[in-house]
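Dear colleague,

My notes on what was found in it come after it.

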Amino acid sequence: MTCQDHRDLMMAYLDNELNEEQRRAFEEHLAGCPDCTRELAQFRKLKQMTDSVAFVEPEDRVWDQYWGNVYNRIERCTGWILFSVAAIALLIYGGFAAIENIIADPTIGMLMKVGLLALLGGLAILFVSVLRERVFFWSRDRYRDVRR
Amino acid sequence: MNGTCQDNTVALWDAHASRKEAFEEIVKRHMKDAYLIALGLVGNREDALELSQEAFSRAYEHYDQLQSKGRFFPWFYQILRNLCFSHLRKRRVRRASSLDDTQCGCPEPEDRDCFDPEVVAERNEAKDRIWKAMSRLDDKHREVIILRHFRNMSYDEMAKVLFCNRGTVTSRLFYARQQLKEILEHQRGAPDACEAGEPEKGGQTL
């Protein structure tokens with residue numbers, strides 16, 4: 001085995017994750033390899049330094065309120081979903097009903113009706129076109145995962 | 001942290017009549033780990049609290065997807081890490097497009113992200129240096145350091161939550177520590193001004 005192979009074992013050795021046989025083999029290699037011994041010593045020092053760092057735990061108040069905050073999020077999320085679905089359904093239904101009424105209303109002139117239909121048709125075409133373009137470019141964007 | 005990955009939350013779920021009660025117990029069991037891992041990944045308390053709570057909320061919404069997997073934490077961890085990484089990406093984009101770096105409240109404009117030194121317990125110069133160096137690690141490398149050193153996970157537990165094998169965990173840890181070592185050496189400038197400790201044998205330069 002080369003030093004590179006042993007380097008793969010070095011982390012597991014350092015973290016006490018090797019089995020007895022692997023540990024013995026690695027220690028045998030260390031005995032005859034000053035480079036790996038030096039590197040191991042550096043990593044051991046780094047591990048000691050990293051292990052010495054711990055996070056400040058928040059006060060008990062934060063933990064007491066934690067579940068309440070999570071539940072509020074869940075509740076709000078459910079509320080938003082219901083609200084959005086209902087709003088979209090009502091808008092579509094209301095829109096169709098309004099158009100039907102306008103078309104059926106004899107007091108509204110033909111020019112107004114045609115103009116309104118053209119306006120809504122144009123809006124729908126623009127929406128579909130922009131949406132299609134966005135989806136098309138997004139799916140082919142080679143740089144979308146590149147971090148700035 | 002040990003045992004976190006072994007939790008059989010399906011049994012817990014079945015033991016409670018109400019879905020809400022079962023999930024409350026799951027949240028209470030894992031909230032500290034979730035918060036502290038998020039803190040290690042994003043570097044400040046407010047974001048860590050927000051993201052960990054949001055992860056639980058999303059886990060609740062999609063809990064049905066877990067049934068076949070049987071274990072909660074590794075699955076939940078994927079939600080949490082994706083949220084944290086996505087948050088970090090957005091934060092970097094915001095910072096890159098901002099002309100005034102001081103607006104984000106970082107103590108030093110050259111800091112890669114808003115990693116708050118105040119989150120470290122019993123601060124001293126050495127710990128601050130380590131934390132600052134960690135903030136400069138790649139996300140995936142910082143992640144393995146957090147799981148190993150801060151949450152004390154075994155390689156097997158890390159492999160479970162990262163959905164990879166032990167070999168990948170080992171090599172990721174090697175490169176993470178290598179990178180950390182280089183950053184610390186670069187930060188120091190001087191060849192051997194070891195942190196308030198005795199001089200090391202064998203040419204250690206950390």
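The notes below start with the confidence of the model and then go through its parts in turn.

Please keep in mind throughout that this is a predicted model. For the complex, the predictor gives an ipTM of 0.75 and a pTM of 0.75. The mean pLDDT of chain B is 80, with 73% of its residues at 70 or more. Among the elements of that chain, helix H3 (residues 45–61) of chain B has the highest mean pLDDT, 94, while helix H1 (residues 9–15) of chain B has the lowest, 64. Two stretches call for particular care when you read the model: over residues 107–111 of chain B the pLDDT stays under 50, and the model has four contacts beyond four places in sequence for them, while over residues 190–204 of chain B it also stays under 50, with 21 such contacts in the model.

Chain B has eight helices and zero strands, and 34% of its 206 residues count as buried. If you take the contacts in chain B between residues at least 6 apart in sequence, 60% of them join residues at least 24 apart.

The largest nonpolar core has 58 residues, and those with the most contacts inside it are Ala38(B), Val42(B), Leu80(B), Met158(B) and Leu180(B). Helix H2 (residues 19–42) of chain B gives the largest share of this core, eleven residues. In soluble globular proteins, nonpolar side chains tend to be buried together. Leaving aside residues up to four places away in sequence, Leu80(B) touches Ala34(B), Ile37(B), Ala38(B), Ser52(B) and Ala55(B).

Helix H8 (166–188) of chain B has 23 residues and reaches 33 Å from its first C-alpha to its last, which is close to the 33 Å expected at 1.5 Å a residue. The buried residues of H8(B) include Leu173(B), Phe174(B) and Leu180(B), but also the charged residues Arg172(B), Arg177(B) and Lys181(B). Against what do the buried residues of H8(B) pack? They pack against H1 and H3 of chain A, together with H5, helix H6 (139–150) and H7 of chain B.

This brings us to the contact between the chains, where 32 residues of chain A meet 43 residues of chain B. On the side of chain A that touches chain B, helix H1 (3–14), helix H3 (34–51) and helix H4 (60–104) of chain A each supply at least two residues, and H3(A) gives the largest share, ten residues. The residues of that side divide into 17 nonpolar, five polar and ten charged. The domain assignment of chain A gives domain 1 (3–51), domain 2 (60–104) and domain 3 (106–148), and the C-alpha centres of domain 1 of chain A and domain 2 of chain A lie 57 Å apart.

Finally, there are two backbone angles to look at. Most residues other than glycine have a negative phi. Glu122(B), however, has a positive phi of about 45°, and it is found in the loop between helix H4 (72–97) and helix H5 (125–135) of chain B. Phe163(B) has a positive phi as well, near 50°, and lies in the loop between helix H7 (155–162) and helix H8 (166–188) of chain B. Are these residues buried or exposed? Glu122(B) is exposed, because 9 other C-beta atoms lie within 10 Å, and Phe163(B) counts as exposed with 11 C-beta neighbours inside 10 Å, the cut-off for exposed being 12 or fewer.

With best wishes

Definitions and conventions:
Residues numbered from 1 in each chain as written. Chains lettered and ligands numbered in written order. Helix = DSSP H or I, 4+ residues; strand = E, 2+ residues; numbered from the N terminus. Buried ≥ 20, exposed ≤ 12 C-beta atoms within 10 Å, placed from the backbone. Contact = placed C-beta atoms within 7 Å. Domains from an automatic or database assignment. Core = buried A, V, L, I, M, F, W, Y, C linked by C-beta atoms within 7 Å. Expected span 1.5 Å × (residues − 1). pLDDT = per-residue confidence, 0-100.
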